[in-house]
Amino acid sequence: MGRTFAEYVLGRAAGHPVSANEVVTVEPDFCMSHDNTGPISRTFKRIGVKRVWDPNRLVVILDHGVPAPSSDHAINHKEAREFMRGQGAPHFYDVTSGGGVCHQKFCEEGFALPGQVVIGSDSHTCTYGAFGTFAAGIGRTEMAAAWATGAIWLKVPESFRIDVSGELRDGVSAKDFILKVMGDVRSDGADYMSVEFHGEGISAMSVAERMTLCNLGIEMGAKNAVCKPDRKVFDFIRGREKSSDWEALWADPDAEYARALSYDLSGITPGVARPHTVDNYAPVESARGVRIDQAFIGTCTNGRLEDLRDAARILKGRRAAVRTIVIPASWEVYRAAMRDGTLDVLIDAGCVVCNPGCGPCLGAHMGTLAPGETCISTANRNFKGRMGDKESFIYLASPLTVAASALRGEISDPREVM
Amino acid sequence: MRIRGKVWKYGDDVNTDVIFAGKYTYTIKDRAEMARYALEDLDPEFARSASPGDIIVAGRNWGCGSSREQAAICLKERGIGAIIARSFARIHYRNCLNEGLPIIISSEIQDLVKSGDEVEVDFEGGEITAAGVTIKFPPYPEFVQGLVNDGGLVPHVKKTLGLT
């Protein structure tokens, strides 16, 4: 019988063939952490080891509150900075124009590589599956232990195959597709599983779109989510890759799956996740007319150049009716959107463009909500209180739908304003 | 180990944002202080009134969402003796074990108890007693049991590395 992606990659890392439900101990290729590096470094010290197992495998990218919105955040950044310097660990992305949202930067910097194993102390680490990486989120203590030992135990997950055919129609994007999948699979439908996206519908997508899909893997409970690495991925990583020890691996056609679904992209329409869960899916028409106070375009889910261009396509020559916050996912994205005029279009439309970072996604700063307010956002979570106040409401949608809603001041179908 | 405590009962898909809000993740560093905000956006009464040894009984997918470890720490620091749920989200499951917070997967107790009821858990025997009914629960996998026996991941790693 054939093997799944997870079985191949974890077998490669373990040095012997493995099967689903086996527990393996592997050495991660890279360990990603962000602002939580401060607390992780404190736990690392508690363990009592002086040096991390391999300083070249640590990747630390400050993004959750940048520049520091409070002295507590600043202390945290300082700890991370001093720790990385003290360990002689080179891959530190500070609050500079070389930074950005950790998951975006991690990929741009060529740390997300096919066939490698990455652990990250952030649940959206699964995003790197867009590059054919086995990438899973873990907690802080677990990261401290991995730094100390160079090892982590992982149960080889069972796999969930999602076959995707057809092409998205104009006005519909990868975000609409994955929100629909979320509504079908629900928040624990892929619990502990490796979600594999297969088919021509995925091959036709850009790397950015695949990142959006894999990013939402955790929202269905998945351990990781992955697309087949192909020429688009190889072209992206060429000249960026931080390791040469990668290998394009993919599932066998006769691999065994615990669960399978199939979709035709041509049948997908714009959708939203209604408050307060990501799987509370509805077609956009059923939320049409809901008054909004704020629109937010950005994050590791949808803050890439393609996303900002989608928003600009809607807002060009028009004016947003509500406050609209735009946060490019990295400075590389920021500069590209500046050069091609996208930022000008958005600023002309009244958008507030902030520096790259997580921004208001987790309620830290740069656009938190007041009680009773409603925001439509391109992010990945709409949990109660997520963007600041527990009496506020978050709808999740594509950049096109968020921009269309910003334009009208109420949730709107982008196909009506294109 | 045997614990006896009062039940705090919750439903399905309780996410880590409502267990420990994101706005506190970089402002509260003291573990004991984290306990004051436990479940703030789900049940404000919990942080005020929970007693040491109390037991959370929940539905499916307890702890979904963010990987924030404070969601496990705030419950442990609040003195929670165990969490019994139909299922746990993967990262939170690991975080609880790494913090030495006992978790039990069981689908039978939810229909037997309501908030405020007394429940007893016998970890060695793998038994939960509630409303005069005894329910068996499966032991942890062997590699997890080692972690639990050592009191969490930090002591476990120290022991493994010969640092204790």
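## Briefing on chains A and B

In chain B, helix α5(B) is followed by G100(B), whose phi is positive, near 75°; helices (H or I, at least four residues) and strands (E, at least two) are DSSP runs numbered from the N terminus. This is a predicted model, in which local features need pLDDT of at least 70 and side-chain atom pairs count only at pLDDT 80 or more, while totals for chains, interfaces and linings use all residues. Residues are numbered from 1 along each chain as its sequence is written, and chains are lettered from A and ligands numbered from 1 in the order in which they are written.

**Chain B as a whole**

- Chain B has 7 helices and 7 strands, and from the N terminus on its elements run β-α-α-α-β-α-β-α-β-β-β-β-α-α.
- The radius of gyration of chain B is 15 Å, which agrees with the value near 15 Å that a compact globule of 164 residues would have; the radius is taken over C-alpha atoms, and the globule rule is 2.2 Å times the number of residues to the power 0.38.
- The C-alpha trace of chain B spans about 45 × 35 × 25 Å along its principal axes.
- Among the contacts in chain B with a separation of 6 or more, 66% join residues 24 or more positions apart, two residues being in contact if their C-beta atoms, placed from the backbone, lie within 7 Å.

**Helix α5 of chain B**

- Helix α5 (residues 90-99) of chain B is mostly covered, with 10 of its 10 residues buried.
- The buried residues of α5(B) include the charged R90(B), R94(B) and E99(B), as well as H92(B), N95(B) and N98(B).

**Where chain A meets chain B**

- The contact between the chains involves 43 residues of chain A and 32 residues of chain B.
- On the side of chain A that touches chain B, α2 (37-47), α3 (71-87) and α5 (140-149) of chain A each supply at least two residues, and α5(A) gives the most, with 6 residues.
- By class, this side of chain A has 11 nonpolar, 19 polar and 13 charged residues; Ala, Val, Leu, Ile, Met, Phe, Trp, Tyr, Cys and Pro count as nonpolar, Asp, Glu, Lys and Arg as charged, and the others, Gly among them, as polar.

**The two domains of chain A**

- Chain A is divided into domain 1 (5-245 + 256-263) and domain 2 (271-416), with bounds that come from an automatic or database domain assignment.
- The C-alpha centres of the two domains of chain A lie 24 Å apart, and their contact takes 32 residues from domain 1 and 34 residues from domain 2.
- On the side of domain 1 of chain A that touches domain 2, α4 (102-108), α6 (174-185) and α8 (207-215) of chain A each supply at least two residues, with the largest share, 6 residues, coming from α6(A).
- By class, that side of domain 1 of chain A has 7 nonpolar, 17 polar and 8 charged residues.

**Residue S97 of chain A**

- S97(A) has its place in the loop between β4 (92-93) and α4 of chain A, and S97(A) is exposed, with 12 other C-beta atoms within 10 Å.
- Although S97(A) and N355(A) are 258 residues apart in sequence, they are 9.0 Å apart in space, C-alpha to C-alpha.

Terms used. Buried ≥ 20, exposed ≤ 12 C-beta atoms within 10 Å, placed from the backbone.
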